[in-house]
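Here are my notes on the model, point by point. Please read them with the structure open.

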Amino acid sequence: MKRTLENRVKAEFSAKSENESLARVITAGFLMNYPVTTEELADVKTAVSEAVTNSVVHAYKGREAGGVRLEIRLFSGGLLRVTVADFGCGIADVQRAREPFFTTDREHERGGMGFSVMETFMDRVKVSSTVEKGTRVTLEKRLCRMQNA
Amino acid sequence: MAIRSEERGGELLFYVSGEIDHHNSVFLREEMDAKIASSTASRVVLDLSETDFCDSSALGLILGRAREASVCGKSLLVQRPSARVRKILDLCGAGKYLQFTERREDETHT
Ligand SMILES: Nc1ncnc2c1ncn2[C@@H]1O[C@H](COP(=O)(O)OP(=O)(O)O)[C@@H](O)[C@H]1O
Ligand SMILES: [Mg+2]
């Protein structure tokens, strides 16, 4: 079955911590028009919050602050795909970064559980990253009440 | 996000409502650490019954405050987290390091 794009939104904002809640509000606003369950909405908001927080906290550490690009796409059959991209330092070893408790920011009480949370709450998490270029996280979830849409 | 605190019956209570994310946790940490250090209470209670969102930033915040409390010779009790908040805390096995209670506000005088 070929999926067709039903709706999309793209937002770009500064990598500032106050925009973490903005990203969640944009996500919730986008989903408001669809029959998502409360649980699904909370799952997606949590995962988006983790990905955006990573771009805010890690991507531009020790360098000029840049931007974060959030894109939300909904496909036929209820496939939701959210991408969070930054243009920062990138991740040298993605596999290691995704391990539970791995963090490069212990001094700020980061727990190293961000990727684990994304994996728990979404169906699929893809991370592509290039050192000195940036990181893109793709989060996918099938919305159960839209399977037949 | 809003934080309210009070001290009674040998306990320092914090009530956090709204969302705990990375942005808010920086402020919460400062607010809580200052009160934990200056309080004479032997127990710190963090009531999360009105916390309706958190991400992994809350893990660092709560485990960090448990450590801070213990440095000051106090214990930390996490009160009434929602199922959602509890799920995130449990992800990292926080249940092993933290004490939880379902006790309600009107039961705090013990
Ligand atoms: N967008 C990003 N840019 C650069 N490094 C990142 C990014 N996202 C994650 N990382 C790296 O991956 C590690 C693990 O991320 P995560 O699981 O979210 O834990 P935490 O954010 O608590 O450190 C981070 O400590 C950081 O080193
Ligand atoms: Mg993180």
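1. Burial first. Buried means under 20% relative accessible area, exposed means over 50%, and partly exposed lies in between, with a 1.4 Å probe and protein chains only. A:F30 has 7% relative accessibility, so A:F30 counts as buried.

2. Ground rules. This is a predicted model, in which local features need pLDDT of at least 70 and side-chain atom pairs count only at pLDDT 80 or more, while totals for chains, interfaces and linings use all residues. Residues are numbered from 1 along each chain as its sequence is written, chains are lettered from A and ligands numbered from 1 in the order in which they are written, and side-chain values use heavy atoms, with hydrogens and water left out.

3. Aromatic pairing. Over all chains, the structure holds one aromatic pair. The partners are A:F30 and A:Y34, with 5.9 Å centre to centre and 40 degrees between the planes, and the pair is tilted. Rings of Phe, Tyr and Trp (its six-membered ring) pair if their centres lie within 6.5 Å; planes under 30 degrees apart are stacked, over 60 edge-to-face, and the rest tilted.

4. Charges over rings. B:R4 puts its charged end over the ring of B:Y15, 4.2 Å from the ring centre. The test is NZ of Lys or CZ of Arg within 6 Å of the ring centre and within 35 degrees of the ring normal.

5. Helix 4 of chain A (residues 114–121) packs with helix 3 of chain B (residues 83–91) at about 125 degrees, axes 10 Å apart. That angle makes helix 4 of chain A oblique to helix 3 of chain B. Angles under 35 degrees count as roughly parallel, over 145 as roughly antiparallel, 65 to 115 as roughly perpendicular, and the rest as oblique. Axes are lines fitted to C-alpha atoms, for helices over the stretch in contact, and angles run from 0 to 180 degrees between N-to-C directions. On the chain A side, A:S116, A:V117, A:T120 and A:F121 meet B:R84, B:K87, B:I88 and B:L91 of chain B. Contact means heavy atoms within 4.5 Å.

6. Helices within chain A. Helix 2 (residues 38–59) and helix 4 of chain A have axes that come within 9 Å and cross at roughly 155 degrees. This makes helix 2 of chain A roughly antiparallel to helix 4 of chain A. Residues of helix 2 that meet helix 4 include A:D43, A:T46 and A:E50. Their partners in helix 4 include A:F115, A:M118 and A:F121. Helices (H or I, at least four residues) and strands (E, at least two) are DSSP runs, numbered from the N terminus.

7. A serine in chain B. Where is B:S25 placed? B:S25 is in helix 1 of chain B (residues 22–38). B:S25 is buried, with a relative accessible area of 7%. Leaving aside neighbours within four places in sequence, B:S25 is in contact with B:S57 and B:L61.

8. Loops worth a look. A:E132 is not a glycine, yet has a positive phi of about 70 degrees. A:E132 is in the loop between strand 4 (124–130) and strand 5 (134–142) of chain A, and counts as exposed at 53% relative accessibility. B:R80, also a residue other than glycine, has a positive phi near 50 degrees. B:R80 is in the loop between strand 5 (75–79) and helix 3 of chain B, and counts as buried at 15%.
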